[in-house]
Amino acid sequence: MANRSILILDDDAAVGQTIQWIAESLGFEAEFVIRPEEFFQRLDRMCPDIITIDLVMPELDGVEIMRLLAERKCRAKIVVSSGMGSRVLEAAQRSALEHGLSILGVISKPISKEALHLLVGDGSECDQLPWIEEQSAYGEVFEITRQDLQNALDRHEFILAYQPKIECRSGLTVGFEALVRWKHPDRGIVMPNDFIPLAENAGLIDPLTEQIFEQSLEWFSQSFPQSNPKLSLNISAKSLVDIQMADNLSALCQRFQIDTERVVLELTETSAMVDPILSLDLLTRLRVKGFHLSIDDFGTGFSSMVQLVRLPFSEIKVDRSFVMQAPHSSESRSVIKSIVELGHSLGLLVTAEGVENLKTLDYLNSLGCDLAQGYFIARPMPGEAACNWVEQRKQGISA
């Protein structure tokens, strides 16, 4: 397996060279640069797996660099480094996460081999990403039109990846979240952040949702017909305008012989509801028919709290931005603890997403958090791989 690569941006040559030596000693191919202009040139040529960025630099600071990386749809893992205080580092990490970047963590200067190893691991032993994530074109930005999406719907180019959810206490698999990807004929895998907003604005979110529901429920009925796992499906708040959705989805479950109690509908951006009263009616009808409702990304806005009280949710999902920062941020740990306690006081299941390491999973378990998902547990994967993963995990737990 080829060594993975690290690109280092630090305006202090001595520091950059030190990080390069440490990375190379861990089995990585490493290069460092001092100026942002050279950094972006190397970025296009090198396509690194990991990037380390100094937060304080004279030309462009690290926050601005990360904003530009987000505009390029950068898929590399990012390590933020600085000699500044922990609260500033944590704020920079939150900024990167909210831009959609993938953050391994923050690291204080002076950087040690042990600290860097803890974040990036050993380059010679790192798992490769599943094909469904790897095929995204690195750093490539292209314009998507409404007609492009319509053609993709007509050609059934949207596919699904399934990310497992486990019980924190026992480690048992309790379900999957279905995540849509666009298998573009020329550009490989296109991630949902690049097309879902357009689908919502172009009036195509409903036919896209219908394809996702049908495809995922068919897989679920064939793969787990007699077992207990649940299937989580994402639903746009802008889709909550058709009161017949409850009947249609119920009929689809009946067609595939799936008990509605095994289906969880995850709702994001509750503030984007077009008609709050109609949405309340529809979501209540879905609960009456047996479907579970999950409020996704909880804790990222005041509207989440308002809607939690107003709507008939049965599950809270702690936003990944808090979970990913838990090992480094006492503030994030406090927020997670409060959400777990709030959820349980309301009789709701609590799921944490964005679990990246064993330390975080152990912390969630100590709080009594019910369920967890994240890269430490498993990455999103094709349907067949998800079935194999379940069987392998059963054997591992029973051994």
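Student: Which residues touch the most other members in the largest nonpolar core?

Tutor: The model is predicted, so local features need pLDDT of at least 70 and side-chain atom pairs count only at pLDDT 80 or more, while totals for chains, interfaces and linings use all residues. Residues are numbered from 1 along each chain as its sequence is written, and side-chain values use heavy atoms, with hydrogens and water left out. A nonpolar core is a set of buried Ala, Val, Leu, Ile, Met, Phe, Trp, Tyr and Cys residues joined through side-chain atoms within 4.5 Å; buried means under 20% relative accessible area with a 1.4 Å probe, protein chains only. Of the 73 residues in the largest such core, those that touch the most other members are Phe158, Phe195, Leu217, Leu231 and Leu265.

Student: Which element gives the most to this core?

Tutor: Helices (H or I, at least four residues) and strands (E, at least two) are DSSP runs, numbered from the N terminus. The chain has 16 helices and 14 strands. With seven residues, the element that gives the most to the core is α9.

Student: How many residues apart are Tyr162 and Trp219?

Tutor: These two rings are stacked, at 3.7 Å centre to centre with 20° between the planes. Tyr162 belongs to strand β6 (residues 158-167) and Trp219 to helix α9 (residues 205-223), so the pair links distant parts of the chain. Their separation is 57 residues.

Student: Why is the pair of Trp219 and Phe224 classed as it is?

Tutor: Trp219 and Phe224 are both buried. Because their ring centres are 5.7 Å apart and their planes stand at 80°, the pair is edge-to-face.

Student: Over which ring does the charged end of Arg379 sit?

Tutor: A charge sits over a ring if NZ of Lys or CZ of Arg is within 6 Å of the ring centre and within 35 degrees of the ring normal. The charged end of Arg379 lies 4.0 Å from the centre of the ring over which it sits, that of Tyr375.

Terms used:
Phe/Tyr/Trp six-rings, centres within 6.5 Å; stacked < 30°, edge-to-face > 60°. Buried < 20%, exposed > 50% of the residue type's maximum accessible area, 1.4 Å probe, protein only.
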